[in-house]
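Colleague: I would like to learn how to read the interfaces between chains in a model such as this one. Could we take them one at a time, with the general idea before the particular case?

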Amino acid sequence: MNKAIEHYLLRLADTALTQSQRIAEWCGHGPFLEEDIALTNVALDLLGHAKLLYEQAAEVSEQDVSADDLAFLRDVDAFKNPILTELPRGDFAFTTLKQYFVDQFNVLLYQALMDSQYQPLSDIATKALKEVRYHLTRSRDWCLRLSLSTDEAKQKMQAALDDLYFYTPELFETDDQLNQLMAESIIPDMSALHNQWQQQVDELLNKCQLKTPTSGWLATGGLRGEHSEHLGYMLADMQFLQRAYPGCEW
Amino acid sequence: MKLYEVFIRAKSGLNHRHVGSLHAADAQMALQNARDVYTRREEGVSIWVVEAAAISASNPEQSEEWFDPAMDKVYRYPTFYPLDKEVDNM
Amino acid sequence: MYSQGLQDAKGGPEPEGLLKAFQKRIDNEEKIEPRDWMPEAYRKTLIRQMSQHAHSEIVGQLPEGNWITRAPTLKRKMILLAKVQDEAGHGLYIYSATETLGITRDEMTRQLLSGEAKYSSIFNYPTPSWADMGAIGWLVDGAAIMNQVPLCRASYGPYARSMIRICKEESFHQRQGYDIMTVLARGTAAQKKMAQDALNRTWWPALMMFGPSDKDSKHSAQSMQWKIKRFTNDDLRQKFVDATVPQAEHLGLTIPDKDLKWNEDRGHYDFGEIDWQEFMEVIKGNGPCNKQRLRARQKAHDEGEWVRKAAEVYQQKQQDAA
């Protein structure tokens, strides 16, 4: 039981951390100053969620580990995020649409997790929900703004959708441990969540007058530790100090 | 993008106060930017944004004729009216 | 006496009566507000000083931004992100204040990217190690605070107000830097070396942040009279050295200056001569990172072009549809 919970906490924590890491790359490089600051707020919120989730995972873990150990000392095959969140940040259209997919997922997920039978998860969801709701407002607005403005922006949004779309079903992937948690009402039913998500996304993409692609590589595997080539580079960068100077205080 | 002036209510019960300005394409974006730029340290519970171009301001060159005349209207203040000690907490 | 020979925007002499009244307001510690009359040279000096200050905040995001993806713990990553974000915020506050003087942010950005406008030379130095995050917070923000606290009383209202806000927010910046240095200095031998190396790298450039020596500073006297500067470069530099030396001693780190010595008579530390040639070279564009920094800003500006354009076009379309 604790094993399954730890597994799921890490799934969420790794998702939040990798997404935050990519958004944080914009800090100092945003398309204009106000947006630079706003994006960093998103990165900080997600990093905060990751920290809470890692701390809880460390708490239930049988091993003597800290939140930082979990973030900085696991290798690619131990990370459980969906491949979507580890993809390089791309241009602002790519970042925006990816953020929207994640925000829409987070809002539905955390709403549902507030009713979790596992109190710590419900507490984290309650706190995170306020933040991800704001993220969703922002990323929705930006999707509309970019899609319904200039031809160039619209093309970039369409290209981003073509690249990203088939990475999204993986957000809802489950395995035996997650199925067990669903049965015990610790986490919501993922296929129901997927339906809700799809409905919201279809509605927005429709408003944006974007066309969903009909074929592409259907991403899978993050939950099992099977990732793209990008995650290795991200971890090499992120974990550099902890790896080069093991056992230090920072 | 346009220049917006930002006004923030620090907590309920207080007036909105001018805190600065920012750039945005529209009012909705200006509100969101104001939230992200000017309330990162719990500075506010409510935000107004106004396009800077929409503000009319008094002319500083006329400030003597506009504002000095109020200076000698001392009878508008309670201290102008001495009271006997027995009733001076009026 | 300083007002003699000041020219208005069209190149004619400024009216003597207005100049006198203006100086009197400043001498009385009255704030000058955007729509008030002001000598053209006052406006120009402010635009130069304030836009340089804003540019420094924005370019200043880059050396620390370097380490955001590599910060060693979740907590350090949050602190660093929040700090670099503050710098963007501070740049924004000062750009906003400068815009009240009748120059647009677009124009200031153009001046930065074309190299016409300067920014603090300190940000043209590299940050090869994590300890540079400590040294920058401790020394660079420490020096910046010394400069900025008096600016909270600058005669130009919008500048003073933005500085008050900035100083309030910035108070954690120096502390977090010193905190990084403390942990490193008390850590392993490798960490301590990292800290000492960063101090060695940052010390002299930090002293240069206060600008040329008073005897070579061309803007000082007029700026002091207009109260957009309250202390001379050398006074502030001395104050900084006096405050910092005991902090370095507390960490067990050595300031890289063999001439550094307490002077009982003066009640101050004596310190060695700054390499002014290096300073001038970096200002001219020949520092180790001048080109990278400007290129990074140029790239962000260019890649953001279509986004800014899209936002404007969307607003226009919405308005037309309404």
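Colleague: How many salt bridges does the rule find across the interface of chain B and chain A?

Modeller: This is a predicted model, and the general idea is to look for a side-chain nitrogen of Lys or Arg within 4 Å of a carboxyl oxygen of Asp or Glu. Across the interface of chain B and chain A the rule gives 1 salt bridge, in which the side chains of A:Arg145 and B:Asp26 come together at 3.9 Å, N to O.

Colleague: Which elements of chain B supply the side that touches chain A?

Modeller: Strand 2 (16-24) and helix 1 of chain B each contribute at least two residues to that side, and helix 1 of chain B gives the most, with 7 residues. By residue class, the side of chain B that touches chain A divides into 4 nonpolar, 4 polar and 4 charged.

Colleague: How much area do chain B and chain A bury between them, and what is the area buried between chain A and chain C?

Modeller: Buried area is summed over both partners; chain B and chain A bury about 1100 Å², with 53% of it on carbon and sulfur atoms, whereas for chain A and chain C the area is about 4000 Å², of which carbon and sulfur atoms give 72%. Within chain A, the residues that lose the most area to chain C are A:Leu33, A:Leu47 and A:Trp250, together 17% of what that side buries.

Colleague: Which side chains meet in a salt bridge between chain A and chain C?

Modeller: The count there is 1 salt bridge, and the side chains are those of A:Glu34 and C:Arg105, at 2.5 Å, N to O. Across this interface the rule also finds 13 residue pairs in polar contact. Helix 2 of chain A provides the largest share of the side that touches chain C, 12 residues, and that side divides into 27 nonpolar, 10 polar and 10 charged residues.

How values were computed:
Residues numbered from 1 in each chain as written. Chains lettered and ligands numbered in written order. Predicted model: local features only at pLDDT ≥ 70, side-chain atom pairs only at ≥ 80, totals over all residues. Heavy atoms only, no water. Buried area = accessible area lost by both parts, 1.4 Å probe. Polar contact = N/O pair within 3.5 Å; in protein donor to acceptor, adjacent residues only side chain to side chain. Helix = DSSP H or I, 4+ residues; strand = E, 2+ residues; numbered from the N terminus. Nonpolar A, V, L, I, M, F, W, Y, C, P; charged D, E, K, R; others polar.
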